[in-house]
Amino acid sequence: MPMVTRPNFLPGLPNWSRKTFFALALAAICFAFAFPVLWLILTSLRPESGVYYVHRGTEFTLGNFAEVLGQERIVEAFINSAVISTLATVFSLLVTVSSGYMLSRFTGPGARLWFGTIYVFRCVPYISWVLPLYFVVQSWGIYDSYIGLLLPHIAVHICFFSWLMKGFFDGIDPSMEYAAMIDGCSRWGAFIRVAIPSALPAISALAVLCWLFTWNEFLFALILTGNRVPVITVVMAQFVTEMGLHWNLMAATAVMALLPAFLVALFGQKYVIRGLRI
Amino acid sequence: MFGEQQRFMLFLIAPAALLMLLFQVLPIVIGANASFRDWALYNPKKTWVGLDHYHSVITDPAFLYVVLPNTFLFMILSVAGALVVGLALALLLNRPFPGQKLVQTILLVPLMVAPVIAAIMIRWIFNDQFGIVNVVLEAIGFDGQPWLVQRWSAFGIILLTDIWLWTPWFTLLLLAGLQSLPKEPFEAAAIDGTTTWRVFRFLTLPMLRPVIVVCVVIRAIDAFRTFDIVWTLTGGGPGRSTELFSLYAYVLAFLNLDLGRGSAAAIVGGLIILVLGVVMYRLVDRIAKA
């Protein structure tokens, strides 16, 4: 509420000291939030010999990144993660935008039933369906393959994203669609040419979230993939046990895994914040 | 048989419904079937054993006295912590100050970090020999602690990691909520010279309540099934003392190779959260209508 003059915080103090206090507190909070990531970046830049004394040395190197990128399995994991996240985002949007639209624009028993189904399945813990899903994908012969990881990833977001999408469409006035239909547009035309363009900010927000969620996902990949389709989160977790002593290499891999997510989020932040506000 | 409108509705949800049927409903049915059978991964006899697996899960002392209390404690503390910090940060970001955009970007950093990577960072920071926390503690004259091999410190670190990860989520949604509140009541309060605390307590909090409740419900359901950070930080250890529900079911099915019992555990947990979810949904509904 920028226009309102607020009652002052700590009213007895002079203005400059209040400002300094505020700035210091803010800096401390930001530091606390960013510290783990900063520390990881610092560790990734230390040579093998200096990694245990990150706080002391002054030697820095990019060698860790070169060494990690020389490992075929890690490069493969990065490519797999990127491909699966991108495909999952595209298909997941195709499926959930229309389902969210249905939830928002229709009332009556059909819509209520679908909403109830979505809410109930949203509550089911992943582990309850991922354990037996292992058998399903094995019996269909798609265990440890792209498609076997991609389809469950699309399925997992249906509930949450339909729910969010319903909220977004609720915030958009449907009268434009009615007007289009009176002018001779079919229902599909009204949905595709009128509703979707006006929901574009929200859809962008959803795309960013979906890409991040899939890139960061671990449990599905752990259970549904073996050696043929390594993805980055599983490879990282294996690192902790197998390469427990090479913290510099681990940190370098982790930094590279963070990088795409950061870029997506940095460019997408605008859409996420705008999208969630509708 | 169907009118044009029904056909349209059906087409809109058909792809989503089909995917859910194949990858959620079908596995759940198979899991339910497996939970009644003697289904070891190395020897799938699949003989019917009735409720034996359920009985052994709900009478397992590890499940009753460690896993369930851990899960509920974790759920409550993690949601409460992230809510309090997230709300404070949302209030902070809601007033303009120089550098606000930068601060906002920094505070949203954890949202982009994969839980597995967060767990690896925290593991390194709390490493008992070389972690920065122990180095600093020793430098100022305290003893370093083996953080991740003591039950309560390990639990605390898992909790802290989770709060760090999910606070931005609360901040984002609550900030969006704050910015959509009407301005008039706040202007009236300012004219009357109301204190900051009273504005917060009697205006902001009640008006924000629907948003808060929705955030809490979504987050509570997710916190119940936390897996990644526990797996990477402690693997459920020391012993099994930091195991949460998802890890318990995973260990039964894939490390003890007993899919039948693992499925039974997963279904028991699923039923618990389903009941909680329905109760919470009722609550949200009532609050939203009030």
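Predicted model: local features only at pLDDT ≥ 70, side-chain atom pairs only at ≥ 80, totals over all residues.
What does chain A average in pLDDT? The average is 83. In chain A, 91% of the residues score at least 70.

Next, the domains. Chain A is assigned domain 1, residues 15–65, and domain 2, residues 72–277. How far apart do their C-alpha centres lie? For these two domains of chain A, the figure is 32 Å.

On the domain 1 side of chain A, ten residues are in contact; on the domain 2 side, eight. Two helices of chain A, α1 (15–44) and α2 (63–69), each supply at least two residues of the domain 1 side. The most comes from α1(A), with four residues. By type, that side of domain 1 of chain A has five nonpolar residues, three polar and two charged.

Now a helix pair inside chain A. In general, two packed helices are described by the angle between their axes and the distance between the axes. Our pair is α3, residues 72–105 of chain A, and α9, residues 200–216 of chain A. They pack at an angle of about 140 degrees. Their axes are 8 Å apart.

Are α3(A) and α9(A) parallel or oblique to each other? At about 140 degrees, they are therefore oblique. Over 145 would count as roughly antiparallel. The crossing of α3(A) past α9(A) is right-handed.

Who makes the contact? From α3(A), look for A:Ser81, A:Ile84, A:Ser85, A:Ala88, A:Thr89, A:Ser92, A:Leu93 and A:Val97. From α9(A), look for A:Ile203, A:Leu206, A:Ala207, A:Cys210, A:Trp211, A:Thr214 and A:Trp215. Sort the residues of this α3(A)–α9(A) contact by type, and you get ten nonpolar, five polar and no charged.

Last stop, the two chains together. How many residues of chain B are in contact with chain A? The count is 74 residues of chain B, against 70 residues of chain A. Which helix of chain B gives the most to the side that touches chain A? That is α1 of chain B, residues 4–34, with 16 residues. The chain B side of this contact divides into 55 nonpolar residues, 14 polar and five charged.

Terms used:
Residues numbered from 1 in each chain as written. Chains lettered and ligands numbered in written order. Axes fitted to C-alpha atoms, helices over the stretch in contact; angles between N-to-C directions. Parallel < 35°, antiparallel > 145°, perpendicular 65-115°, else oblique. Left-handed = near helix turned anticlockwise from the far one by under 90°. Contact = placed C-beta atoms within 7 Å. Nonpolar A, V, L, I, M, F, W, Y, C, P; charged D, E, K, R; others polar. Domains from an automatic or database assignment. pLDDT = per-residue confidence, 0-100.
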